[in-house]
Amino acid sequence: MSTPVIEMHGLKKYFKSGNSLFRTKQWVHAVDDVDMVINKGEIVGLVGESGSGKTTLARLILNLTQPTESEILVDGVNPRKATRAQMRQLRKDIAVVFQDPGGNLNPRQTVGNSIMRPMIIHGVNKKEGYERALKALEMVKLDKSYMDNYPAQLSGGQQQRIAIARALVLDPKIMILDEPTSALDISVQAQVLNLLLDLQEEMGLTYMIITHDLNIVNYVCDRVFVMYLGKIVEYGSTEDVLHRPSHPYTKGLMAASPILDPTQRDKNPERLSGDPGSLVHLAPGCRFAPRCKYASDKCRADQPQMVEIEPGHCAACFLDVDAEK
Amino acid sequence: MKKKSFFRRLVKNKSCFIGFIMIVLLIVVALLDSVIATYDYNKGNVTDRYKAPSAEHLFGTDEMGRDVFSRTVYGTKLALRSALLGAAIEMAIGVSLGLIAGFFGKWIDTTITFVADMIWSLPTIVIAMAFVMLLGKSLDNVIIACALAGWPRYTRIVRAKTMGLKDQPFVETGIAFGESKAALMFKYIFPNILPSMLVMASISMPGFIGSTTTLSFLGMGAQPPSPDWGLAISRGASVIYRAPWVTIFPCLALIYTIIAFSLFGEGLRDLIDPRLQGN
């Protein structure tokens, strides 16, 4: 059952910053020592605040940027060492939808051409491509009359659905969805999520969904990874992580989602304060320590290691370890 | 529908519309030169030299007794040809180098930017003169030389735009789908910078006509007996007090042409890409 499709161990991506004549070189630790295994047929959620390195991680998997250290195996293939044919296959197998609906489509290409383009690259003839493009439009509940429109003539939600349709046309095995539904209104969001779930059931797709929205995670994801300042702080099954969060940051994230009952608002003790801080000037200890109300001197001095709390549920926090002792 | 509304906006923008009409007139004159001109540009009667404008010779005659009106009309084609051909060559060089520099970055970018900045830091006319000296004196060489001296203006803008577009999600998605580098450049990035390039071209055209005429004036471009305006102005300059018409009429034609392209270009810029203003 568990064949890994995406595998990474100790993955690092640092960006250079402030590299000028009069300043010392600094590094932005966008992705720092990340271990992640995604199995075939899984829907994995990746959550975390803005600037925690989620999109960088996605770009690394897509081979849009090269890791500073370690490597990624996609379907057992390392994209950096792949042959031309393997690379072609990889490009066909992984599809992506980025978060910005306006920027996802080429402004000078009609919707039809945008959807057909990936098929043409991979050798589908024009006529069949057209048929499949129509089918894909139907799947995302858009009228086929949009084929000849330019993206600027459509709404953000329509653009995003077209981006999803385009990602689907090549029958990918893996889909990386970066905030796929944040530009959609609630009803369309539900449609798109259900569509993704249906496809997953039919074709055994593997998804990695990057999102802020914990409701989406709860609704579609099998497993969740929580990321904070370039590091994974907790992961496990959706059930475990969302209902029995262990890391103080995950607890804070839960507390930050809107509470429907007005009388219960402002009572949650775990709510996060402050901002994530900088990825450049990192303290030696736990990255969350400056914002963590449970932080001890140990937290400020050492980095906590990933510890398994219950089967398949891990967190990187000293508190859990101490509690067990 | 989109095209129609664009045309309507074009008509509404006064400077663009006036410039457009002026250019159309120019093109008509250039195409019908042999019909409009009353005399052959190269035949004159030496006994008729420096005749003042009259019914017989509308703009008077020059030092060889040739009809200045006919020569000015024939010169239109040369001026338009150098403007269009020159802008096309300049744009082709500038845009492709800008695309390459912006897309590939690293040492390729550094090299191209260095050369572009070097050329750009010197006066265009001086660079163009150096190229003409290398290539030999002729109008065609003047056009090539001016293009070789002027391409950095495109490279700088195209490079900046390419670098911005390269990080757009739609380009990254293209990479993720396995687009080739050439397809990314020409199908994804280039169509998105083309409109502003056309604006740039029409704005830089007056300057281009100015440069080529200047070089002809300096004796590096068109050679006698060509009806080129720059050449005519330079030959008339020595007798400007005795026979001002020899200089004045080609000058007016030149000014008219430059105003026409300036009005059109600036109007077009306001219509298509207001952000280019002040460049």
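This is a predicted model: local features need pLDDT of at least 70, side-chain atom pairs count only at pLDDT 80 or more; totals for chains, interfaces and linings use all residues.

Guide: Let's start with one term. Helices (H or I, at least four residues) and strands (E, at least two) are DSSP runs, numbered from the N terminus.

Visitor: Which residues of α4(B) and α12(B) meet?

Guide: From α4(B) come V68(B), T72(B), G75(B), T76(B) and A79(B). In α12(B) they meet W245(B), V246(B), F249(B), P250(B), A253(B) and T257(B). Two residues are in contact if their C-beta atoms, placed from the backbone, lie within 7 Å.

Visitor: And how do the residues of that contact divide?

Guide: Into 7 nonpolar, 4 polar and no charged. Ala, Val, Leu, Ile, Met, Phe, Trp, Tyr, Cys and Pro count as nonpolar, Asp, Glu, Lys and Arg as charged, and the others, Gly among them, as polar.

Visitor: How many helices and strands does chain B have?

Guide: Chain B has 12 helices and 0 strands. Its C-alpha trace spans about 75 × 50 × 30 Å along the principal axes. Of its 279 residues, 44% are buried. Buried means that 20 or more other C-beta atoms lie within 10 Å of a residue's own, with C-beta atoms placed from the backbone.

Visitor: Now chain A. What is it made of?

Guide: Chain A has 11 helices and 11 strands. Of its 325 residues, 43% count as buried.

Visitor: Which strands form the open sheet?

Guide: The order is β5-β6-β7-β3-β8-β9-β11-β10, in chain A, with mixed pairing. Two strands pair if DSSP finds at least two bridges between them. β5 and β10 (307-310) of chain A stand at the edges with a single partner strand each, so one side of each has no neighbour in the sheet. The twist averages 20 degrees from one strand to the next.

Visitor: What joins β9(A) to β11(A)?

Guide: 2 bridges, and the two strands run antiparallel. Y235(A) stands opposite C314(A) in β11(A).

Visitor: Which helices pack on that sheet?

Guide: α1(A) lies across β3, β6, β7 and β8 of chain A, and runs at about 155 degrees to β6(A). Helix α5 (residues 156-168) of chain A also packs on the sheet, touching β5 and β6 of chain A. The direction of α5(A) makes about 175 degrees with that of β5(A).

Visitor: Is α1(A) mostly covered or mostly open?

Guide: Mostly covered: 7 of its 8 residues, in the stretch 54-61, are buried. Among them are K54(A), R59(A) and I61(A). N63(A) follows α1(A) and has a positive phi, near 60 degrees.

Visitor: What about β1(A) and β2(A)?

Guide: β1(A) and β2(A) pair in the antiparallel sense over 10 bridges. K16(A) has W27(A) as its bridge partner in β2(A). β1(A) also pairs with β4(A), again antiparallel, over 3 bridges.

Visitor: Which residues touch the most other members of the largest nonpolar core?

Guide: I176(A) and V226(A), in a core of 153 residues. Such a core is a set of buried Ala, Val, Leu, Ile, Met, Phe, Trp, Tyr and Cys residues joined through C-beta atoms within 7 Å. α4(B) gives the most to this core, with 15 residues. I176(A) touches residues including A58(A), I94(A) and M208(A).

Visitor: Last one. How many residues of chain A are in contact with chain B?

Guide: 18 residues of chain A are in contact with 13 residues of chain B. On the chain A side, α2(A) gives the largest share, 3 residues. That side divides into 9 nonpolar, 4 polar and 5 charged residues.

Conventions: Residues are numbered from 1 along each chain as its sequence is written. Chains are lettered from A and ligands numbered from 1 in the order in which they are written. A residue is buried if 20 or more other C-beta atoms lie within 10 Å of its own, exposed if 12 or fewer, and partly exposed in between; C-beta atoms are placed from the backbone. Axes are lines fitted to C-alpha atoms, for helices over the stretch in contact, and angles run from 0 to 180 degrees between N-to-C directions. Lists of a residue's contacts leave out its neighbours within four places in sequence.
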